[in-house]
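Biologist: I would like to learn how to read a model of this kind, feature by feature. Please give me the general idea each time, then the case at hand.

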Amino acid sequence: MSDEIPFHILELIIKRLPIVSLLQFRSVSKTWKSLIESSNFIAAHNVTDSQHLLIRYEDKESDTVGKYLSFVDDDTFPHQRFVHTLPHSIKLLKNANIVGSSFGLFCFHGYNLGTEMVVLWNPSIRKSITVPMPNKFTLDPETNLCFGVSPVTTDPKMVEITQFHKTSYHCEANVYTVSSGKWRNLSNYLPSKPFRIFSPQVVVDRFIYWCAFDPMNVDSELPNHNFIMSFDITNESFGVVELPDSLRRHSPKQLCISKVRESLVMLEYDSYEKRACSVWMIENGVEKSFTKRFTVEAPHYWSKSITTLGFRKNGKPIVEVENAHICYEQVALMVYEPNIECFKYLGMYGKPGTFFVHSYIETLVLIGQSDSNIEVEDDV
């Protein structure tokens, strides 16, 4: 029957199929397999705008790998949950952390037998690849590893920004693309103004964003030192996004970057104790200014602090709340309802600082890759 349907019509139909069907339909013919695994098809495939949430946490003192739960972020939340089995390559990582997520991929960084490694994992198709980091790039407190996927080419990229020589505020940048298997130097494209960036990162459309500050102004105790730095994943250029006056003057440690769907968000904490968190949002691109939407205040009487970890698709914050009255350290994961100013328990409890919340969509990125290590060439 498919022979009677023009191929371009068939392609339009296939693009609307869910991931699980596409994985099966690759075996129909070589033509279908080639189509489904092509970069153009992967970039164009968009069945639905449904969002999933990956939540990672540790609930025991001996738990170092952590639990990974995936939730469908719709009206059924948090009842549709799935327990993920991590790839063996991620389980082998020591001191593993999630660098970020982009276009359905998660980037893990850690060490395996003393070798610095990065694992890219697509939970929707259960595919992962391992990328050894070049020996000359070692992550220390002055180095940031960042990650994103170009929505145009679906090519995953990693950016490493090394910040050293504190007296001169000198920085270097290198980029790695999975398609090339090489690191390239981008230091000449960094902003001319002095900067320091800090985690976490977020990816909105084709840009990676970080919180940043001017170290010269901070060291001189001058105001207006905070801003946002961006990296265009597609054309590999850096940029700067200015913040409102009220956010420029804070201690950088009181700010954190996040996102709601495809809108950039800045979190402003009242103090180091994190008793309150104001949510500032920018929509429709970086040209418009941030506006303050609401403030999340820690529950009175029983809570010690709150940390906003991410947002649901409907814009409601997911927060980690630390209890001030129990004899052992424990935090609860909750959703804050801004309209009625109340918290909803999600039934998850863990060690402080171990909760991570990342939103993602289902994609086919990495579908043509084999589950194996990638040998890295170094051109920098």
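Biologist: Which residue in E18 does Leu-267 stand opposite?

Modeller: Leu-267 stands opposite Val-279 in E18. Before going on, note that this is a predicted model, where local features need pLDDT of at least 70, side-chain atom pairs count only at pLDDT 80 or more, and totals for chains, interfaces and linings use all residues. Residues are numbered from 1 along each chain as its sequence is written, and side-chain values use heavy atoms, with hydrogens and water left out.

Biologist: How many residues of strand E17 are buried?

Modeller: Buried means under 20% relative accessible area, exposed over 50%, and partly exposed in between (1.4 Å probe, protein chains only). In strand E17 (residues 263–269), 7 of the 7 residues are buried, so the strand is largely enclosed by the rest of the structure. Both faces are covered: one side has Ser-263, Val-265, Leu-267 and Tyr-269, the other Leu-264, Met-266 and Glu-268, all buried.

Biologist: Where else is a strand mostly covered?

Modeller: Strand E20 (residues 303–311) is mostly covered, with 8 of its 9 residues buried. E20 is joined to strand E21 (residues 317–323) by 7 bridges, and the two run antiparallel. Thr-308 has Val-319 in E21 as its bridge partner. In the hairpin of E20 and E21, with 5 residues between the strands, Gly-315 takes a positive phi near 90 degrees.

Biologist: How many salt bridges are found in the whole structure?

Modeller: A salt bridge is a side-chain nitrogen of Lys or Arg within 4 Å of a carboxyl oxygen of Asp or Glu. The search of the whole structure finds 13 salt bridges. One of them joins the side chains of Arg-26 and Glu-37 (2.9 Å, N to O). This pair links distant parts of the chain, 11 residues apart: Arg-26 is in the loop between helix H2 (19–25) and helix H3 (30–36), and Glu-37 in the loop between H3 and helix H4 (39–44). Arg-26 is partly exposed, with a relative accessible area of 23%, and Glu-37 is partly exposed, with a relative accessible area of 23%.

Biologist: Are Glu-236 and Lys-157 buried or exposed?

Modeller: Both Glu-236 and Lys-157 are buried. Their side chains meet in a salt bridge (2.9 Å, N to O). Glu-236 lies in the loop between strand E14 (226–232) and strand E15 (237–241) and Lys-157 in strand E9 (residues 156–164), so the pair ties together parts that are 79 residues apart in sequence.

Biologist: Which residue meets Arg-206 in a salt bridge?

Modeller: The partner of Arg-206 is Asp-232, at 3.1 Å, N to O. Arg-206 is in the loop between strand E12 (196–204) and strand E13 (207–213) and Asp-232 in strand E14, 26 residues apart. Arg-206 is partly exposed, with a relative accessible area of 25%, whereas Asp-232 is buried, with a relative accessible area of 4%. Elsewhere, salt bridges that share partners join Arg-26, Lys-33 and Glu-37 into one network.

Biologist: What is the relative accessibility of Met-158?

Modeller: Met-158 has 1% relative accessibility and counts as buried. Met-158 is found in strand E9. The C-alpha atoms of Met-158 and Trp-183 are separated by 9.0 Å, and the two residues are 25 residues apart along the chain.

Key
Helix = DSSP H or I, 4+ residues; strand = E, 2+ residues; numbered from the N terminus. Pairing = 2+ DSSP bridges.
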